[in-house]
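Here is a short report for a reader new to this structure. Look over the sequence and the model first, then read on.

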Amino acid sequence: MRLLCVFGAILCSFQQAFAQTGPVITPIPKDVINQTSATLSCNLTSPGFVVKGHHWKRNGKIIDATKTRSTAHYMEYNISKIETNSGIYTCVFESETPAEESIFVNGLPHILAHKHSESANENDKVLLVCECHSYPCFTDWTWKKVTESDVEMDIDNATGRYSIMSVPNNSTLTITDLNNEDAGTYKCIGENKMGQGSSKIQLRVRSRLAALWPFLGIVVEVIILVAIIFIYEKRRKPDEINDDDDSGSAPLKSNSATEHKDKNLRQRNSN
């Protein structure tokens with residue numbers, strides 16, 4: 001009886017341990033470092049686990065299955081270019097209770113500016129944004145302004161017009177009360193354990209009068225058109241008056257000659 005109790009306790013402990021640990025998945029490799037490409041694989045070694053399907057996730061999002069090769073308890077995924085595809089890859093074996101395991105694919109720092117060119121009006125504010133597109137994301141962000149001679153100057157916040165807000169995924173440089181001197185090239189730099197990366201943003205600052213130039217151009221065109229019409233009317237008016245005088249005097253002359261002719265005829269008849 002005591003032996004049965006001991007055997008039951010051992011069996012119960014084994015079941016609890018299996019329930020706590022769950023299915024065993026062996027990822028190969030566990031980490032990818034300093035590689036340009038890689039093939040990831042996961043092998044489910046727990047017997048009795050019913051697999052209903054497979055899929056891969058990158059940074060928590062399901063990715064394209066065309067690069068996936070799988071069997072009942074095996075999954076494989078090929079990364080051809082790690083530079084732009086680093087991240088946390090997770091293999092998922094679908095079942096009533098899904099089983100998954102992660103592989104950490106480390107890549108060189110890859111930064112993208114939200115916009116490579118920004119435009120803003122004088123006295124307004126502008127936000128310059130750079131984003132991390134690599135894993136691991138950056139532990140340190142810095143911003144610099146690039147002069148025309150390619151000298152990189154640290155952003156000076158002595159005036160209080162500059163503000164830098166950074167999180168691992170992105171960094172934002174805010175410039176308030178813009179003026180013409182703020183125009184130029186800005187460089188964001190991100191750094192992680194794999195190295196350093198950067199991206200550039202071109203900032204253009206428009207004068208507040210810039211929005212008025214199209215309107216002023218239309219006004220000038222209207223003024224010129226009115227002036228041309230006025231000068232044309234002014235020059236053609238005397239010619240029209242002369243033409244009207246000539247056409248009005250001709251009938252009067254003809255009538256006078258007719259009356260004179262009739263008068264001479266009457267005088268002859270009376271004689």
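Two strands count as paired if DSSP finds at least two bridges between them. The model discussed here is predicted. In it, S15 and strand S16 (residues 170–175) pair in the antiparallel sense, over 6 bridges. Within this pairing, Ile 164 has Leu 173 of S16 as its bridge partner.

The two strands belong to an open sheet of 4 strands, in the order S10-S12-S16-S15. Its pairing is antiparallel. Strand S10 (111–113) and strand S15 (162–167) are the edge strands, and each pairs on one side only. On average, neighbouring strands of the sheet are turned by 15 degrees against each other, direction ignored.

## Thr 172 in strand S16

Strand S16 also holds Thr 172. Is Thr 172 buried or exposed? Its relative accessible area is 15%, so Thr 172 is buried; the cut-off for buried is under 20%.

Leaving aside neighbours within four places in sequence, Thr 172 touches several residues. Its contacts include Leu 127, Leu 128 and Val 129. Trp 143, Ser 163, Ile 164 and Met 165 are also among them.

In soluble globular proteins, nonpolar side chains tend to be buried together. The largest nonpolar core here has 20 residues. Those with the most contacts inside it are Cys 130, Trp 143, Leu 173, Ile 175 and Tyr 186. The elements giving two or more residues are S10, strand S12 (126–132), strand S13 (140–146), S16, strand S17 (184–192) and strand S18 (195–206). S12 supplies the largest share, 4 residues.

A second, separate core has 18 residues. Val 32, Ala 38, Cys 42 and Cys 91 are among them.

## Aromatic pairs

How many aromatic pairs does the structure hold? There are 4. In one, the ring centres of Phe 104 and Tyr 135 are 6.2 Å apart and the planes are at 25 degrees, so the pair is stacked. This pair links distant parts of the chain, 31 residues apart: Phe 104 is in strand S9 (residues 99–105), and Tyr 135 is in the loop between S12 and S13. Phe 104 is partly exposed, at 24% relative accessible area. Tyr 135 is partly exposed too, at 22%.

Phe 138 and Trp 141 form an edge-to-face pair, 5.0 Å centre to centre, with 85 degrees between the planes. Phe 138 is buried, with a relative accessible area of 3%. Trp 141 counts as buried at 9%. Elsewhere, ring pairs link Trp 56, Tyr 77 and Tyr 89 into a cluster.

Methods. Residues numbered from 1 in each chain as written. Predicted model: local features only at pLDDT ≥ 70, side-chain atom pairs only at ≥ 80, totals over all residues. Heavy atoms only, no water. Axes fitted to C-alpha atoms, helices over the stretch in contact; angles between N-to-C directions. Buried < 20%, exposed > 50% of the residue type's maximum accessible area, 1.4 Å probe, protein only. Contact = heavy atoms within 4.5 Å. Core = buried A, V, L, I, M, F, W, Y, C linked by side-chain atoms within 4.5 Å. Phe/Tyr/Trp six-rings, centres within 6.5 Å; stacked < 30°, edge-to-face > 60°.
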